[in-house]
Amino acid sequence: MPDLTSASVPPVGADDHARGEGETVIVYADLACPHCAAAWPEIAARPATTVFRHFPLAARRPRSPALHAAAEAAGLQGRFFEMVDSLYADRGRVDDPHLWERVELLGLDLERFEADRRSPEVAARIRRDFDSAVRAGVIATPAIFT
Amino acid sequence: MGVIAAGEAAPDFTLRDQDGEEVSLSDYRGRRVLFVFYPFDFSSVCSDQLTVYQEVKPELEEKGVELVGISVDHIHAHKAFREKLGIDTTLLADFEPKGAVAKAYGSYFEPAGMANRTLVLVDADGRVEWSYESPSPGEAPGANLIFDALA
């Protein structure tokens, strides 16, 4: 059972998803959240190292867990942020066939993507980020820590 | 007057839930229950708060704690709010007389006619085990504070 008592946001680790250079900006976001999608272009354009952490709210946005798993699976093939950018840029097309289109566009191995996004390791990786957000008191997305 | 303090007896009440069923404090005797008093169904902060709490509901239940929301909204509003958020947390309507339970728990904000944003953990014997009042109604307490109280 996870420990959800108060704790600071964990420092950036080697297996975090990071992009860019400069000051570190840690973003807890939900890939199905409209506020996150609206804020993402501005967040992504900052001259900073952007660290993306998963905060899927499954009850409110039933597609969230699948989208986070898709991003994580793309990340295992080196295309994490490309998948995130694509999901936020086109929020109306997030069903499985749309994910497969993205996989093809990004040149990913579909068979591996399908296996990875359903794996317990990917689910645990997402849950790790989620728990760290709860421990830091995150209540809404996007939650940005600088 | 602030929120009811730890050690006090939790005032008994009977309210109706989102389905119109009567729920009394005494129904929870023998179990721990966390009452989440919040201002309004459908408001943005309350939506965020109840959404995040829903995600950690299994962990609360593992600790033997039931989660129950209370606001001055009517049962029909509660039902629609639950459906909108996709949550299955019980929501009690402190509707008529308005805010009577919130007042009894020191969790009513007169100027706005709403429940203040507070958390009240009641133990298995009906006594307040822990309580928390947000610094302002616009600020939702993170779920971490609940787990700190249970640790």
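Where is the place of Phe42(B) in chain B? The legends below take up this residue and several other sites in a predicted model.

**View 1. Phe42(B), a residue with positive phi.**
Phe42(B) sits in the loop between E3 and helix H1 (44–55) of chain B. Its phi is positive, about 75°, although Phe42(B) is not a glycine. Most residues other than glycine have a negative phi. The relative accessible area of Phe42(B) is 39%, so the residue counts as partly exposed.

Thr141(A) and Pro142(A) are joined by a cis peptide bond, with omega at about -5°. Pro142(A) belongs to the loop between H6 and strand E4 (143–145) of chain A. Most peptide bonds are trans.

**View 2. The loop between E5 and H4 of chain B.**
This loop, between strand E5 (90–93) and helix H4 (100–104) of chain B, contains Pro97(B). The peptide bond leading from Glu96(B) to Pro97(B) is cis, and its omega is near -5°. Phe95(B) is also placed in the loop between E5 and H4 of chain B. With 40% relative accessibility, Phe95(B) is partly exposed. Leaving aside residues up to four places away in sequence, Phe95(B) touches Val72(B), Asp73(B) and His74(B). Between the C-alpha atoms of Phe95(B) and Arg82(B) there are 17 Å, and the two residues are 13 residues apart along the chain.

**View 3. The salt bridge of Arg135(A) with Asp3(A).**
The side chains of Arg135(A) and Asp3(A) form a salt bridge, with 3.2 Å from N to O. Arg135(A) is part of helix H6 (residues 120–135) of chain A, while Asp3(A) is in the segment before strand E1 (17–19) of chain A, so the bridge ties together parts that are 132 residues apart in sequence. Arg135(A) has a relative accessible area of 23% and is partly exposed. Asp3(A) is also partly exposed, at 42% relative accessibility. Over all chains, the structure holds 23 salt bridges.

**View 4. The salt bridge of Glu66(B) with Arg31(B).**
In the salt bridge between Glu66(B) and Arg31(B), the closest N and O atoms are 2.6 Å apart. The pair links distant parts of the chain, 35 residues apart. Glu66(B) lies in strand E4 (residues 65–71) of chain B, and Arg31(B) lies in the loop between strand E2 (22–24) and strand E3 (32–37) of chain B. Glu66(B) is partly exposed, at 26% relative accessibility. Arg31(B) is partly exposed too, with a relative accessible area of 38%.

Glu61(B) and Lys57(B) meet through their side chains in a salt bridge of 3.4 Å, N to O. Both residues are in helix H2 (residues 57–62) of chain B, and they are four residues apart, so about one helical turn separates them. Glu61(B) is partly exposed, at 46% relative accessibility. Lys57(B) has a relative accessible area of 11%; the cut-off for buried is under 20%, so Lys57(B) counts as buried.

**View 5. A salt-bridge network in chain A.**
Five residues, Arg63(A), Asp96(A), Glu114(A), Arg117(A) and Arg118(A), are joined into one network by salt bridges that share partners.

**View 6. Helices H2 and H5 of chain A.**
Two packed helices are described by the angle between their axes and the distance between the axes. For helix H2 (residues 64–75) and helix H5 (residues 110–117) of chain A, the axes come within 8 Å and cross at roughly 130°. This angle makes H2(A) oblique to H5(A). The crossing is right-handed. H2(A) contributes Ala69(A), Ala70(A), Ala73(A) and Ala74(A) to the contact, and H5(A) contributes Phe113(A), Asp116(A) and Arg117(A). By class, the contact has five nonpolar, no polar and two charged residues.

**View 7. Helices H2 and H3 of chain A.**
H2(A) packs with helix H3 (residues 80–89) of chain A at an angle of about 145°, and the axes are 7 Å apart. On the side of H2(A), the contact involves Leu67(A), Ala70(A), Ala71(A), Glu72(A), Ala74(A) and Gly75(A). These residues meet Phe80(A), Met83(A), Val84(A) and Leu87(A) in H3(A). The contact of H2(A) with H3(A) has eight nonpolar residues, one polar and one charged.

Note on methods. Residues numbered from 1 in each chain as written. Chains lettered and ligands numbered in written order. Predicted model: local features only at pLDDT ≥ 70, side-chain atom pairs only at ≥ 80, totals over all residues. Heavy atoms only, no water. Salt bridge = Lys/Arg side-chain N within 4 Å of Asp/Glu carboxyl O. Helix = DSSP H or I, 4+ residues; strand = E, 2+ residues; numbered from the N terminus. Buried < 20%, exposed > 50% of the residue type's maximum accessible area, 1.4 Å probe, protein only. Axes fitted to C-alpha atoms, helices over the stretch in contact; angles between N-to-C directions. Parallel < 35°, antiparallel > 145°, perpendicular 65-115°, else oblique. Left-handed = near helix turned anticlockwise from the far one by under 90°. Contact = heavy atoms within 4.5 Å. Nonpolar A, V, L, I, M, F, W, Y, C, P; charged D, E, K, R; others polar.
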